[in-house]
2 protein chains.
Amino acid sequence: MNGKIRIAIAGHGNLGRGVEAAIEHNPDMSLAGIYSRRPAGQITPRQTETPVHGMEQLRSHADQIDVLILCGGSKEDLPQQGPELAALFNTVDSFDTHARIPEYFAAVDPAARDSQHTALISAGWDPGVFSLNRALGEALLPDGATYTFWGDGLSQGHSDALRRVPGVAGAVQYTRPAKDAINQVRKGGRPDLTPQQMHLRECFVVLEDGADAETVREAIVTMPHYFADYETVVNFISAEELARDHRAMVHGGFVIRSGTTSPGTTQVMEYSLKLGSNPEFTASVLVACARAVHRMHGLRQFGAKTIYDIPLGLLSPRSAEDLRAGFL
Amino acid sequence: MNGKIRIAIAGHGNLGRGVEAAIEHNPDMSLAGIYSRRPAGQITPRQTETPVHGMEQLRSHADQIDVLILCGGSKEDLPQQGPELAALFNTVDSFDTHARIPEYFAAVDPAARDSQHTALISAGWDPGVFSLNRALGEALLPDGATYTFWGDGLSQGHSDALRRVPGVAGAVQYTRPAKDAINQVRKGGRPDLTPQQMHLRECFVVLEDGADAETVREAIVTMPHYFADYETVVNFISAEELARDHRAMVHGGFVIRSGTTSPGTTQVMEYSLKLGSNPEFTASVLVACARAVHRMHGLRQFGAKTIYDIPLGLLSPRSAEDLRAGFL
Ligand SMILES: NC(=O)c1ccc[n+]([C@@H]2O[C@H](COP(=O)([O-])OP(=O)(O)OC[C@H]3O[C@@H](n4cnc5c(N)ncnc54)[C@H](OP(=O)(O)O)[C@@H]3O)[C@@H](O)[C@H]2O)c1
Ligand SMILES: NC(=O)c1ccc[n+]([C@@H]2O[C@H](COP(=O)([O-])OP(=O)(O)OC[C@H]3O[C@@H](n4cnc5c(N)ncnc54)[C@H](OP(=O)(O)O)[C@@H]3O)[C@@H](O)[C@H]2O)c1
C-alpha cells in the first residue's frame, strides 16, 4: 500500500471514531479496516469505503495490518483483548485503570515479546502525555512537588451516578479545577492539597416530571464518594438545554511541577490541555504513537512499552534531520 | 565511587554553577570535578572539597568521569569544545544557536561515534524541553499551529545593547509576551503573528550623570533590530534599584499548539515555564540528561543525540517499573 503505515481499529466507540478522524490528518497512514464485536451492519464508518469486519477475522488479516489500535473499554475489554491481540499484532491502547497498569503490563508483555510484537499500553493524555510531564517534572526539578488538576471536563462516571438519582431524567457533571488552588501552585507554593480541595463538581440536571428539586439536590450533594466530599454545585436545566449545550465531551487539565533549584529560587513548569473532545484528542495521541510503535518494531524493540520508552522524535512524521533543523 | 554517576563540569560560568547546585539534588550522582580554562585560583566551587582542574587535564582524567557537562558559551566555546570533548567523554551541552544546530551536530556526531561516546547536544529549555513540545504539538495535532512566546525574561543580548547606548550607566531588558496574543492563541485561534506582535520589550535604565532621559529613550526605541520594530517601554531607575531588583536571571515562556481534530473541534495544548533562574533550570535539565546519556551509552547508543532521541523515562532516577506503577 505505497509505503503508508496500515492502521486498523479494534472497537468502534468514541475512541474508535476518533482514530478514524485522526488518520485523515496523517498522510503517511492508511486505515486498513475497522473490527468490531458487533455485526458490520451496526457500524457506520466515517468514509464509506472503509472495510468493516468482525473481530474474529483479525487473526486471518495479520498481513494487512502494521499496527492495530485497541479502542475497547479499559474495564471490560482491554484486560482480555490487550494480551490476546498483542500476540497477533503490534498494538497501541489507552488502558486507563491507573491502579491496574502493572498487572496489565505483566499480561501484555510476554504475549508481545514471545510473538515479536511491540505493544504500547496506556497511551492517551492521562495516562499518556500527562504521565510524561509528571515524570519529567520530578526528573528536572527533584526538589519539588507535582500537582495534577483535571478539568474543565465532563466526567462519564459522575454523570452516570447523577442519572441513577431518583427524580433525575438526564444529567451531566463537569469536574472543575479550583482556581485558588491552581494559583497557589502556579506562584511556586507547595501546599498540601487533597483532590477535594483541588476540584469542584458542577452538575446540570434535568428533573423528571413532578420531581422535587430540593430533594434531588440533597441526594446529589450528600452522595458518598462521588459528591459528599466535594464542593458541588447543582444547576437545573431543561431537556432541550441538556441536548443543545452539553453534548461535547470536553476535558483537560494541568500538570504543574513547582520546584526549587537553590535556596529561594523557584521554578514552575506547567503542561495544560484544553480539549474540545476528549476521545478525539486521545485518539490523536494513539495514532501518533502507532507511528512510533511501527518504527520501534522495525528496530526489533519487542514487548510491552509505555510512553516512557519512546524517543519522542519517533512520534513525528519528520526525519531526525528535519526535527533538528526546524524544531529544536 | 559506590555506583554513583560521576559528572564533571567543563566551564564555570552561570551554567556551570547551576550544574553544581543541581547535582546536590540528585543522590545518584557525584561531582568528580570542575574544569576551567582559567587558573584554579579564580574558581570558587560551591563545596570547598570539589576538585578544580585546568581544562588541559581532562584528557588524563577520562577514567574518573562518566559524563562531562559542557557549560561553555554557544558562540565561542562549544563549536570548538563540543567535537573535541565528545571524542574523549560522554557529553551533554546546551548549544543554543538554533540556526547552526545542523552544522554543530555534524561536527560532534563523528567525533562521538568514532570514539564510541554518546553526546547529547542542545539540551536545556530552548532548545530543549520547548523543542520537545513543538515537535509533540505537531505530531499530536497535525492540523494546527504552534506558537512559542518567550518571557517574562531577562535578555542578555538586549541588555548588552542598552549598555552600549551613550548616556546609559547600567541597564537590563525584559522580554514580555503580549497578553492579547497569548489569549487569542489559548482560545484556539490560529492568528498569523510576527515575533514583534507576540512580544514587548521593557527596559530599566540607569542614566549617566548629566545624560538627557529623552535623548536616551529615543536612541533606544529607534535602535534597529533590537527595539525599533517592537513595542518598547523604557523606565529610568537608580543604580541602587538596578542592583537590588534586577539581579535574578528570570526567564520562561510558553509553547502553545492550537489544533483541530474534526470540523469545529478545537484542542489546545500548552507547555509553560516560569523560571526564577534561567541558568539553574537549564543546568537541572542538563543534569537529568546526563543520567539518560550515561544509560544510553550503556546501551551502546553512540554518536550525537538530541532530546528527540531520548526515551524520557531514562531522565528519571526511577526504574521503569516504578514509573509505570506510580507516575503513569
Ligand atoms: N488514556 C487516556 O487518556 C484515555 C482518555 C479517554 C478514554 N480512555 C479509555 O478509552 C476507553 C474507550 O473509550 P470510549 O469512549 O471509546 O468507550 P466506548 O464508546 O464505550 O467504546 C468502548 C467499546 O464499546 C463498544 N461499543 C461502542 N459503542 C457501542 C454501542 N453503541 N453498543 C455496544 N457496544 C458499543 C465498542 O466495541 P465493539 O465495536 O467491539 O462493540 C467500543 O470499542 C475507555 O474505557 C477509557 O479507558 C483513555
Ligand atoms: N538551551 C538552553 O535552554 C540554554 C539556556 C541558557 C543558556 N544556554 C547556553 O548556555 C551557555 C552558557 O551560559 P552561561 O550563562 O553559563 O555563560 P557564561 O556565564 O558567560 O559562561 C560561559 C563560559 O565563560 C567562562 N567564564 C565564565 N565566567 C567567566 C569570567 N568571570 N571570566 C572569564 N571567563 C568566564 C567559563 O569558561 P571557563 O571556566 O573555561 O573560563 C564559562 O564556561 C550560553 O552560551 C547559552 O548558549 C542554553
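Me: Which residues does A:His251 touch, once those up to four places away in sequence are not counted?

Reply: In this predicted model, A:His251 touches A:Trp125, A:Trp150, A:Gly151, A:Asp152, A:Gly153, A:Leu154, A:Leu273, A:Lys274, A:Leu275 and A:Asn278, with residues up to four places away in sequence left out of the list. A:His251 itself belongs to strand β12 of chain A, which covers residues 251–262.

Me: Is A:His251 buried or exposed?

Reply: The term buried is kept for a relative accessible area under 20%, and A:His251 is buried because its value is 12%. For A:Trp150, one of the residues that A:His251 touches, the relative accessible area is 32%, so A:Trp150 is counted as partly exposed.

Me: Where does A:Trp150 lie, and what is it in contact with?

Reply: A:Trp150 lies in strand β7 of chain A, residues 144–150, and, leaving aside neighbours within four places in sequence, its contacts include A:Trp125, A:Phe130, A:Thr175, A:His199 and A:His251. A:Asp126 is also in contact with A:Trp150, and the side chains of these two residues are joined by a polar contact of 3.0 Å.

Me: Which residues does the UniProt annotation "binding site" cover?

Reply: According to the unreviewed UniProt entry, the annotation covers A:Trp150, A:Thr175, A:Arg201, A:His251 and A:Asn278. Among these, A:Thr175 is in contact with A:Trp150, and A:Asn278 is touched by A:His251.

Me: How should I read the side-chain directions along a strand, and which way do those of strand β4 of chain A point?

Reply: In a regular strand, side chains alternate between the two faces of the sheet. In strand β4 of chain A, residues 67–70, A:Val67 and A:Ile69 point one way while A:Leu68 and A:Leu70 point the other way, and all are buried.

Me: Which strands are joined to β4(A) by bridges?

Reply: Strand β1 of chain A, residues 5–10, runs parallel to β4(A) and is joined to it by four bridges, and strand β5 of chain A, residues 90–93, is likewise parallel to β4(A) with four bridges. A:Val67 is the bridge partner of A:Ile7, and in β5(A) the partner of A:Val67 is A:Asn90. From β4(A) the chain crosses through helix α2, residues 78–86, to β5(A), and this β-α-β crossover is right-handed.

Me: Which residues come nearest to ligand 2?

Reply: Of the 23 residues around ligand 2, B:Leu15, B:Ser36, B:Arg38, B:Ser74 and B:Asp96 come nearest. A polar side-chain atom of B:Arg38 is 2.8 Å from an oxygen atom of the ligand, and for B:Asp96 the corresponding distance is 2.6 Å.

How values were computed
Residues are numbered from 1 along each chain as its sequence is written. Chains are lettered from A and ligands numbered from 1 in the order in which they are written. This is a predicted model: local features need pLDDT of at least 70, side-chain atom pairs count only at pLDDT 80 or more; totals for chains, interfaces and linings use all residues. Side-chain values use heavy atoms; hydrogens and water are left out. UniProt positions are given in the numbering used here, feature names are shortened, and annotations may be inferred rather than shown by experiment. Helices (H or I, at least four residues) and strands (E, at least two) are DSSP runs, numbered from the N terminus. Buried means under 20% relative accessible area, exposed over 50%, partly exposed in between (1.4 Å probe, protein chains only). Contact means heavy atoms within 4.5 Å. A polar contact is a pair of N or O atoms within 3.5 Å; within protein, one must be able to donate a hydrogen and the other to accept it, and residues adjacent in sequence count only if both atoms are side-chain atoms. Two strands pair if DSSP finds at least two bridges between them. A crossover is right-handed if, with the strands pointing away from the viewer, the path from the first strand over the helix to the second runs clockwise. A residue is near a molecule or strand if one of its heavy atoms lies within 4 Å of it.
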